[in-house]
Amino acid sequence: MTHDLGFWTLQTLNALQLSMLLFLLSIGLTVIFGLMHFVNLAHGSLYAMGAYFGASLAAVGGYWLGFFLAPVAVAGVGVLLYSGLIKRMRRSGPMAQVLVTFGLIFALLDLTRIFWGDLALALDAPALLDGRVAFLGVEYPIYRLFVIVLGLAIFGALAFVLGRTQIGAMIRAGVDNDAMAACLGINVERLFFVVFCVGCALAGLAGVVAAPLLSVTPEMGLQILIPTLIVIVIGGLGSLKGAIAGSMIYGFVQTFGAVLAPQLASILIYALLAAVLVIKPVGLFPAKG
Amino acid sequence: MLEVTGVASGYGETQVLHGLSLEAWAGRVLAILGRNGAGKSTTLKTIMGLLPLKSGQIMFDGKPIPARPFDVAKSGIAYVPETRDIFPSLSVRENLEITERRFGGDTPDWTLERVLDLFPRLGERMNNGGTQLSGGEQQMLAIARALLMNPRLLILDEPTEGLAPIIVKMIHDKLQELKSDGLSMIIVEQNFGFATSLADDVVVVGKGQVVWTGSAEEIKCDEHAQHTWLGV
């Protein structure tokens, strides 16, 4: 079986685009977990909400209104979740947290059904990014290139904030050892809250960005949850490097698996997950060495 | 300065402190001595808010001490834990800066330059990761980081544990310098000579209570107390 250069370029771009969507989702989840030891299984539901907010806002004021406001709206949902539920559950242990956030998935799912109905919504890419462009021998949709560039830009911004700024050092200190960080006068609770909201906003951003590529359905949050969890388990909990590496691995294995070995595609990523868990159970780049 | 009265505390269901009382005075060094498992570290963790205060009270400068570690730190108490707890993901510089920038104020006593004068060794390792340091360097960094909080009370848990004699001597001299500067300190130690040469006051803890109180000079002469409570 031979493939020309165009095939490889096309599939590489597809893989990158999937990787970037997963990165936007997994970075929030992984840093929240690293910092708060809190598994928010409802993170995928926030992605679905981002898509719905985006679609509704776009219907009023065009794509860009949705693009900029949907993450803000989802961060607002995050504030409600944090103050209503998560703050109270901080000390209640992983089992209770998993059960509550698992239940939250269904609560949020039905809320989206009540507000937006069961029918799939569509969100069109903005005129500016509509159409295709010739790129390394292939005609590639501009919107998908935009998703790749956006993901890389967010990665760059987060790498700068986490790696080079005072607040980034405080977040890393909190992930390393939250008790000691508190003893040094770092308000770890407030840091949690800010990180949680930013994580929610990024999940919302992923949702609105994904909407023109997929159709917006209530189940989209459930469908993305497992890939996101696989990404952070492969990448290692709590680290930016782990989130980007895990996303890339997932994106490339999934995309190339589907075209090169379609019979194996559905199990390939799970086999890889199992291999990582056997060889390096903490993931490839965990925050705690 | 710090008054601990009838404190009960412990880990989960296991109670370690049973009505422990002690007092640390401003401008003086208090050593807390005792055998392993007597409750020395538990006392410090309870003061810092790392373990819940089940009963009794802790007053700092005449006010009840806050419950959360973050507020305890803000009230002016700096803590150097037994395990040093240097952040592995941060460079030496970042380990220092995360406290310096928030506690500095306008005319801080302790600045980055001043702690590097105290521990020149750290200056050579500013860009190293926190975990690339030797045990002695980690201890220096933990003390330097605590000083940058410009604390009114410095609490050290076993500052000499696992260190080579020459480093122990160096840490001793540096703490002596801080003492001459008038910094109030509480030191938990297994090393009897180290502790009694630095301290003004001594309390001995056994089975979660204070069993002996006096001055450093007194305990050096009291062979009975040393034998009964410290196994010296």
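What radius of gyration would a compact globule of 232 residues have, and what value does chain B have? In this predicted model, local features are described only where pLDDT is at least 70 and side-chain atom pairs count only at pLDDT 80 or more, whereas totals for chains, interfaces and linings use all residues. Residues are numbered from 1 along each chain as its sequence is written, and chains are lettered from A and ligands numbered from 1 in the order in which they are written. A compact globule with 232 residues would have a radius of gyration near 17 Å, and chain B agrees with this, having 17 Å; the radius is taken over C-alpha atoms, and the globule rule is 2.2 Å times the number of residues to the power 0.38. Along the principal axes, the C-alpha atoms of chain B fill a box of roughly 45 × 35 × 30 Å.

Chain B contains 10 helices and 10 strands, where helices (H or I, at least four residues) and strands (E, at least two) are DSSP runs numbered from the N terminus. Of its 232 residues, 45% count as buried; a residue is buried if 20 or more other C-beta atoms, placed from the backbone, lie within 10 Å of its own, exposed if 12 or fewer do, and partly exposed in between. Among contacts in chain B between residues at least 6 apart in sequence, 67% join residues at least 24 apart, a contact being counted if the C-beta atoms of two residues, placed from the backbone, lie within 7 Å.

Six of the strands of chain B form an open sheet in the order 6-7-8-3-9-10, with mixed pairing; two strands pair if DSSP finds at least two bridges between them. Strand 6 and strand 10 (209–215) of chain B are the edge strands, each pairing on one side only. The twist from one strand to the next averages 15°, with axes taken as lines fitted to C-alpha atoms, for helices over the stretch in contact, and angles running from 0 to 180 degrees between N-to-C directions.

Strand 7 (residues 153–157) of chain B pairs with strand 6 in the parallel sense over 4 bridges, and 5 bridges join strand 7 to strand 8 (residues 184–188), again with parallel strands. On the side of strand 8, B:Ile155 stands opposite B:Ile186, while B:Asp157 stands opposite B:Val188.

In a regular strand the side chains alternate between the two faces of the sheet. In strand 7 of chain B, B:Leu153, B:Ile155 and B:Asp157 point one way and B:Leu154 and B:Leu156 the other way, and all are buried. Because 5 of the 5 residues of strand 7 are buried, this strand is largely enclosed by the rest of the structure. Strand 6 (residues 77–80) of chain B is likewise covered on both faces, with B:Ile77 and B:Tyr79 buried on one side and B:Ala78 and B:Val80 buried on the other.

Helix 10 (residues 223–230) lies across strand 3 (29–33), strand 9 (201–206) and strand 10, running at about 40° to strand 9.

The largest nonpolar core has 164 residues, and those with the most contacts inside it are A:Val74 and B:Ile155; such a core is a set of buried Ala, Val, Leu, Ile, Met, Phe, Trp, Tyr and Cys residues joined through C-beta atoms within 7 Å. Helix 1 (residues 5–36) of chain A gives the most to this core, with 17 residues. Not counting residues up to four places away in sequence, B:Ile155 touches several residues, including B:Leu44, B:Ile47 and B:Ile186.

Between the chains, 23 residues of chain B are in contact with 19 residues of chain A. Helix 3 (92–103) of chain B supplies the largest share of the side of chain B that touches chain A, with 7 residues.

Two loop residues of chain B have a backbone feature of note. B:Asp61 has a positive phi of about 50° although it is not a glycine, and B:Asp61 is found in the loop between strand 4 (55–60) and strand 5 (63–64). Phi of B:Asn150, also not a glycine, is near 50°, and B:Asn150 lies in the loop between helix 6 and strand 7.
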